[in-house]
Amino acid sequence: MKAIIATWSFGLKAVEAGWRILRNGGSALDAVEASIREIENDFSNRSVGLGGYPNIAGFVELDAAIMEGSTLRAGSVAAVRNVQNPISLARKVMEKTPHVMIVGEGATKLAKIFGLYVEKVDLQPEARMEWERRLKTAVSTPQKEGTIEFWLKMAAEGHYNHDTIGCVAMDDNKNIVAGCSTSGYAFKLVGRVGDSPIIGSGLYANSFGGAAATGLGENIMIHNVSRMVVGFMEQGIPADEAAEKTVQHLLKIGRRIDRISFVSLDKDGCFGAGTTEKSFQFAAMSDAFSEPRLLMVEKGVRLSL
Ligand code: SD4
């Protein structure tokens, strides 16, 4: 049974790319990497890849991770600059180093070694304009440049970015792989890292199932959301019910639960999704469907397919 699921409406493009690989007998690892690269390579996207909004200093810093359920291997990069496909760099960390997570300058160095480094990165015009506008607004306030108040003034001002690509796939060998990639919180502080590269928070996979989260990383990482979802699947609970239970559990905790959404997939190819928002869109494809589908789940409601 082959299956693939990805976050948000752009997940459809991701699922299509991943499905092409799965359909031709490719691995879930290749499928997840290809799905995520598809979104990273779209420079019109402001929350994934180098087309994303920058941090407050005007640099795009990216987070990405990948985890293979059958082996429990994982690779992750955080706050990395000048890399177009951080998901591929995360995979290199997993496959070519003894480590799980490499951040900042070290990740950039690794990108050079693996030929994933991009010398020149220009902000997309719209991202640059918005960054400059914020800089101007912050400069014209009484806050002094270089103080935390100045930077927070720049980062605040709404403009919540919520479109991380998270993807979970299973191949014919029942290997389940989860991955995610993001430019993170728009106009974040330099070095800010969200949930996406944190194993257990932004993603998790084992032989029972996989999950990938999206939304406000500061909340997702508090609850280790992806590990929670897979934890339910370990008890033999299918992905749709595991998702529902996760949302119920979060609602019961009742704190720091805003803007949490996720997708899940279990070893039997059952899909799940959950959200603490009003609703959440995602895409999925499996042997059971005739073509990739865009789907939606509402807060507190079990996904029905
Ligand atoms: C983060 N969770 O860095 C990411 C952002 C995101 O959907 O998911 N956007 O907090």
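**Figure 1. Aromatic pairs in the predicted model.** Four aromatic pairs are found when the whole structure is searched, the structure being a predicted model. In one of them, the ring centres of Y53 and F187 lie 5.2 Å apart with the planes at 40 degrees, so this pair is classed as tilted.

**Figure 2. The aromatic cluster of W8, F280 and F282.** A single aromatic cluster is formed by W8, F280 and F282.

**Figure 3. Arginine side chains over phenylalanine rings.** Two such arrangements are presented, one with R81 and F59, the other with R293 and F289. R81 is placed over the face of F59, at 4.0 Å from the ring centre. R293 is placed over the face of F289, and here the distance to the ring centre is 3.8 Å.

**Figure 4. The antiparallel pairing of strand 2 with strand 3.** Six bridges connect strand 2 and strand 3, which pair in the antiparallel sense. Among the residues involved, A65 has S76 of strand 3 as its bridge partner. The hairpin formed by these two strands has four residues between them, and L72 adopts a positive phi near 60 degrees there.

**Figure 5. Strand 3 and its parallel neighbour, strand 4.** Strand 3 spans residues 73-80, and seven of its eight residues are buried; the strand is therefore largely enclosed by the rest of the structure. Strand 3 and strand 4 run parallel and are joined by three bridges. Across this pairing, A78 stands opposite V103 of strand 4. In a regular strand, side chains alternate between the two faces of the sheet.

**Figure 6. A nonpolar surface patch that includes M101.** V100, M101 and V103 together make a nonpolar surface patch of about 230 Å². M101 lies in strand 4, which comprises residues 101-103. The relative accessibility of M101 is 35%, which means that this residue counts as partly exposed, since that class lies between the limits of 20% for buried and 50% for exposed.

Definitions and conventions: Residues are numbered from 1 along each chain as its sequence is written. This is a predicted model: local features need pLDDT of at least 70, side-chain atom pairs count only at pLDDT 80 or more; totals for chains, interfaces and linings use all residues. Side-chain values use heavy atoms; hydrogens and water are left out. Patches are made of residues with over 30% relative accessible area and no salt bridge: like charges are joined within 9 Å, nonpolar side chains (Val, Leu, Ile, Met, Phe, Trp, Tyr) within 5 Å. Accessible areas come from the Shrake-Rupley method with a 1.4 Å probe; for residues, only the protein chains shown count as cover. A salt bridge is a side-chain nitrogen of Lys or Arg within 4 Å of a carboxyl oxygen of Asp or Glu. Buried means under 20% relative accessible area, exposed over 50%, partly exposed in between (1.4 Å probe, protein chains only). Rings of Phe, Tyr and Trp (its six-membered ring) pair if their centres lie within 6.5 Å; planes under 30 degrees apart count as stacked, over 60 as edge-to-face and the rest as tilted. A charge sits over a ring if NZ of Lys or CZ of Arg is within 6 Å of the ring centre and within 35 degrees of the ring normal. Two strands pair if DSSP finds at least two bridges between them.
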